[in-house]
Amino acid sequence: MSVSLSAKFPVMADDMFILGDFNNDGSVNAVDATEILQYYADKSTGAGIEWSEEKKKSADIDGDGEILAIDATWVMMYYAYLSVNGKTDNISDFKYYTEIADSMESYNGNIYEDMAVKESYDSATHQLTLSWNAMPNATGYRISVYTDQYYDENGQPFVTSGDVPDCNFTAQLPWELSGEDNYRYRITPYFAESDFKADCGRKYADGSSGTYFLTGERPDNSVKFIVNSAELNPHESYALYDIRYNNEWGGQPTRVNAYGYKTHQDAFYITDNDRQLLEKFIEENFTSDMTNYDRIRYFMEWIHDNIDYATEEQYQEHTMWDGEFVKDVLEVKAGQCLQYNGALAEYLAYLGYDVYMLRMYTEGGLHHYRAELDIDGIVYGMEVGDRGSDNPETDFKWMWDFDTEQPMLLNRPN
């Protein structure tokens, strides 16, 4: 159920005020914030009207006995929260849970050590049980357990998941684990009150390299399995970081827009036309048994094998700097490093992976672009070039993926 921008509440006759409703009109909105701020300003100069105790209590959001600018700020934050259909129906709860969220965001411990996840497996019932230490402020945990015993009709590994209030979870696996099967889990602490829910600073324990209980040992999960069991969040834009060693920010990784100016926004966006071209490519080239890993590899191979290095005339004719990289690659079938890797980044963002572009120099000092992928906090280098730069004599092919050896953005900003 959506909530109106001003969140109408009945005026409580018993209490004589509603917290945040300074003008007592039954709504908590920007007008109240403005009037609270004006009261604070007038009071600071000795001017203004002396309001009743009930009216002043309605403005004392943090309950410290004073009406200050921070109280108006809380009202504005709550009003903004309501504008996106927030479901907590009073400002007191909103403040409480917001402060918990801030506390969780500032957590800087080692979640792997603090949670100390223990794994046990019952081969008779095919059940994998996880238990762990409680995290501060957490009221529950979201768990997902993956196995590559088989892939579903969409080419993704088996997954079972759920929310639990306590520090244990039992996953029913499709059949008995063997020494050749991979499994991994993700445990995300969260707090919740009704529909007001947030995770603990987007931090989770990830069982990417646990052990088997049948054989006593287990190899690390393959990159393919990690890619196929990554948490996906399809999005329409992605960032660009300038990491050139002589950039104007002292060579520090800096988020920039498409024109190289410092920004907090994403630099590139997937247009409707690019999305349609991607979906047409998917329909014409992919089969149902292909996993996401298979499809990413196929797309990179296709780019490498089917595009030519764009001439300056082509670059100008098709305005290849405009951000429609999928169009350049799939329709024009020409481009340069920005277009090749931009098209790859758009496809990864379309799928839901955490991807970004790098503006950099090669070892020879040439201006260059490429992509990087972040899966569960591990950064993978991604790059695709055209076949004209291959060297058959040395078996060099300008394409590599999921490379963890030399990620370029070593200190990635949040």
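Let's start inside helix α7, which covers residues 272-285 and holds both D272 and R275, 3 residues apart, about one turn of the helix. Helices here are DSSP runs of H or I with at least four residues, strands are runs of E with at least two, and both are numbered from the N terminus. An α-helix has 3.6 residues a turn, so residues three or four places apart point the same way. D272 and R275 form a salt bridge, with 3.1 Å between the closest N and O atoms. By salt bridge I mean a side-chain nitrogen of Lys or Arg within 4 Å of a carboxyl oxygen of Asp or Glu.

A word on the source. This is a predicted model, where local features need pLDDT of at least 70 and side-chain atom pairs count only at pLDDT 80 or more, while totals for chains, interfaces and linings use all residues. Residues are numbered from 1 along each chain as its sequence is written, and side-chain values use heavy atoms, with hydrogens and water left out.

Back to the pair. D272 counts as exposed because its relative accessibility is 56%, whereas R275 counts as buried because its relative accessible area is 19%. The cut-offs are under 20% relative accessible area for buried, over 50% for exposed, and partly exposed in between, using a 1.4 Å probe and protein chains only.

How many salt bridges does the structure hold? There are 15. One of them joins D242 to R359, the closest N and O atoms being 3.8 Å apart. That pair links distant parts of the chain: D242 sits in strand β9, residues 237-242, and R359 in strand β14, residues 354-361, 117 residues apart. D242 has 0% relative accessibility, so D242 is buried. R359, at 14%, is buried too.

Next, K327 and D322. Their closest N and O atoms are 3.6 Å apart, and they form a salt bridge. K327 is buried, because its relative accessibility is 15%; D322 is partly exposed, because its value is 35%.

Last, helix α11, residues 337-351. The 15 residues of α11 reach 21 Å from first C-alpha to last, close to the 21 Å expected at 1.5 Å a residue. That expected span is 1.5 Å times one less than the number of residues. Is α11 mostly covered or mostly open? Mostly covered: 14 of its 15 residues are buried. After α11 comes G352, with a positive phi near 120°.
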